[in-house]
Amino acid sequence: MSQSDKTRTTVEIHNRSYTIVGDEPAHHVRMVASLVDQQMREIQEANRSLDTTRLAVLTAVNTMNDYLKLKEEYTELLGSIKQKKEQDNND
């Protein structure tokens with residue numbers, strides 16, 4: 001996909017505008033930006049003294065932690081499904 005085929009979407013995160021360029025539809029980019037903004041607001045509410053850089057890094061760390069947990073759960077679920085299918089085929 002060429003640069004001209006990519007979607008450009010302007011979003012607001014933590015009171016700043018960002019233009020996101022990518023392959024995802026605009027509504028998806030807006031949803032992701034909204035979730036990032038919400039996460040940053042929640043973290044800032046609990047840690048008022050954080051500057052924007054530290055807030056962004058903490059948000060990224062929390063988001064990656066959530067992602068890794070979901071990835072592990074997904075892998076376990078796939079393993080369970082595979083095991084169930086093998087049991088069903090052996091019966």
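This is a predicted model: local features need pLDDT of at least 70, side-chain atom pairs count only at pLDDT 80 or more; totals for chains, interfaces and linings use all residues.
Residues are numbered from 1 along each chain as its sequence is written, and side-chain values use heavy atoms, with hydrogens and water left out. Local features need pLDDT of at least 70 and side-chain atom pairs count only at pLDDT 80 or more, while totals for chains, interfaces and linings use all residues.

Q: Why is the contact of Lys6 with Asp23 called a salt bridge?
A: A salt bridge is a side-chain nitrogen of Lys or Arg within 4 Å of a carboxyl oxygen of Asp or Glu. The closest N and O atoms of Lys6 and Asp23 are 3.1 Å apart, so the pair meets the rule. Lys6 lies in the segment before β1 (7-13) and Asp23 in the loop between β2 (16-22) and α1, 17 residues apart; strands are DSSP runs of E, at least two residues, and helices runs of H or I, at least four, numbered from the N terminus.

Q: How many salt bridges does this rule give?
A: The count is five.

Q: What makes Asp37 buried?
A: Buried means under 20% relative accessible area, exposed over 50%, and partly exposed in between (1.4 Å probe, protein chains only). Asp37 has 12% relative accessibility, so it counts as buried.

Q: Why is Arg41 called partly exposed?
A: The relative accessible area of Arg41 is 38%, so Arg41 is partly exposed. Arg41 and Asp37 form a salt bridge at 2.8 Å, N to O, and both lie in helix α1, four residues apart.

Q: Why are Asp88 and Lys84 separated by about one helical turn?
A: Because they are four residues apart in helix α2.
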